[in-house]
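I opened a new page for this chain. My plan is to go from the whole fold down to single residues.

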Amino acid sequence: MWELTRYAVAPGFRDGKRGVSTVGTELIAGFVEWGLKRNVNQVIIEFEPMWVLRALQLHFLAKPLGYQRTYGNQQVVATLLTFTEHTLEVVRARRNHFLPVLNRGYPGLLGLKQAS
């Protein structure tokens with residue numbers, strides 16, 4: 001089982017008013033690429049309940065693992081995210097960028113030589 005820790009996008013780079021920003025989708029594409037390359041297609045993440053809908057919109061299968069909880073002034077819900085190649089296609093389409101964001105593990109696609 002893999003756990004995805006939180007990530008954050010600096011306020012100046014949050015270009016999406018209602019949804020995932022360009023930088024946010026790049027981070028998401030990166031973790032999906034990493035996982036699929038390693039036969040990992042599920043992660044557990046704890047995020048705000050509104051992100052369950054956003055994950056579904058990006059074609060993750062998002063399964064809450066319980067009720068939302070309040071920590072400080074933030075509500076969160078533990079969620080199992082399952083993803084496929086189709087998820088990666090949808091994330092890339094949302095970004096309108098279809099090349100890998102990670103070069104490690106994809107050297108042939110980028111014309112790079114693998115380190116020995």
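These are my entries, in the order I looked things up.

**Entry 1: the model and the fold**

I noted that this is a predicted model. I then listed the secondary structure and found three helices and four strands. Read from the N terminus, the elements run α-β-α-β-β-β-α.

Next I checked burial over the chain. The chain has 116 residues, and 35% of them count as buried. The chain exposes about 8000 Å². Carbon and sulfur atoms supply 54% of that area.

Among contacts with a separation of 6 or more, 64% are between residues 24 or more positions apart.

**Entry 2: the core**

Which residues have the most contacts inside the largest nonpolar core? I found Ile 28, Phe 31, Val 32, Phe 60, Leu 81 and Phe 83. The core has 19 residues. I then asked where they come from. Helix α1, strand β1 (42-47), helix α2, strand β4 and helix α3 each supply at least two residues. Helix α1 gives the most, with five residues.

Leaving out residues up to four places away in sequence, Val 32 touches Phe 60, Phe 83, Thr 84 and Leu 88.

**Entry 3: Leu 80**

I went to strand β4, which spans residues 74-82 and holds Leu 80. Is Leu 80 buried or exposed? Its relative accessibility is 16%, so Leu 80 counts as buried, the cut-off being under 20%.

I listed the neighbors of Leu 80, again without residues up to four places away in sequence. Leu 80 touches Met 1 as well as Gln 42, Val 43 and Ile 44. Leu 80 also touches Leu 61, Ala 62, Lys 63 and Leu 65.

From C-alpha to C-alpha, Leu 80 and Phe 60 are 9.5 Å apart. In sequence, Leu 80 and Phe 60 are 20 residues apart.

**Entry 4: helix α3**

I turned to helix α3, which covers residues 85-95. Its buried residues are Thr 87, Leu 88, Val 90, Val 91, Arg 92 and Arg 95. What covers them? The cover includes α1 and α2 (50-57).

I looked at both ends of α3. At the start, a side-chain oxygen of Thr 84 reaches to within 3.1 Å of the backbone nitrogen of His 86. Just after the helix, Asn 96 takes a positive phi of about 60 degrees.

**Entry 5: the salt bridges**

Side chains of opposite charge can pair when their charged atoms come close. I therefore searched for such pairs, with a cut-off of within 4 Å between nitrogen and oxygen. How many salt bridges does the count give? It comes to two.

One joins Arg 95 and Glu 26, with the closest N and O atoms 3.7 Å apart. This pair links distant parts of the chain, Arg 95 in helix α3 and Glu 26 in helix α1, 69 residues apart. Arg 95 counts as buried because its relative accessibility is 14%. Glu 26 has 37%, so it counts as partly exposed.

I also listed what Arg 95 touches, beyond residues up to four places away in sequence. The list is Thr 22, Thr 25, Glu 26, Ala 29 and Val 101.

In the other pair, the side chains of Glu 33 and Arg 92 meet at 3.1 Å, N to O. Glu 33 sits in helix α1 and Arg 92 in helix α3, 59 residues apart. Glu 33 is buried, because its relative accessible area is 0%. Arg 92 is buried as well, with 15%.

**Entry 6: a patch on the surface**

Last, I went to the outside. Tyr 7, Phe 13, Val 23 and Leu 27 form a nonpolar patch on the surface. Together they have about 350 Å² of accessible area.

I checked Phe 13 by itself. Phe 13 is found in the segment before α1 (22-37). Its relative accessible area is 55%, so Phe 13 is exposed, the cut-off being over 50%.

Terms used:
Residues are numbered from 1 along each chain as its sequence is written. This is a predicted model: local features need pLDDT of at least 70, side-chain atom pairs count only at pLDDT 80 or more; totals for chains, interfaces and linings use all residues. Side-chain values use heavy atoms; hydrogens and water are left out. Buried means under 20% relative accessible area, exposed over 50%, partly exposed in between (1.4 Å probe, protein chains only). Contact means heavy atoms within 4.5 Å. Patches are made of residues with over 30% relative accessible area and no salt bridge: like charges are joined within 9 Å, nonpolar side chains (Val, Leu, Ile, Met, Phe, Trp, Tyr) within 5 Å. Accessible areas come from the Shrake-Rupley method with a 1.4 Å probe; for residues, only the protein chains shown count as cover. A polar contact is a pair of N or O atoms within 3.5 Å; within protein, one must be able to donate a hydrogen and the other to accept it, and residues adjacent in sequence count only if both atoms are side-chain atoms. A nonpolar core is a set of buried Ala, Val, Leu, Ile, Met, Phe, Trp, Tyr and Cys residues joined through side-chain atoms within 4.5 Å.
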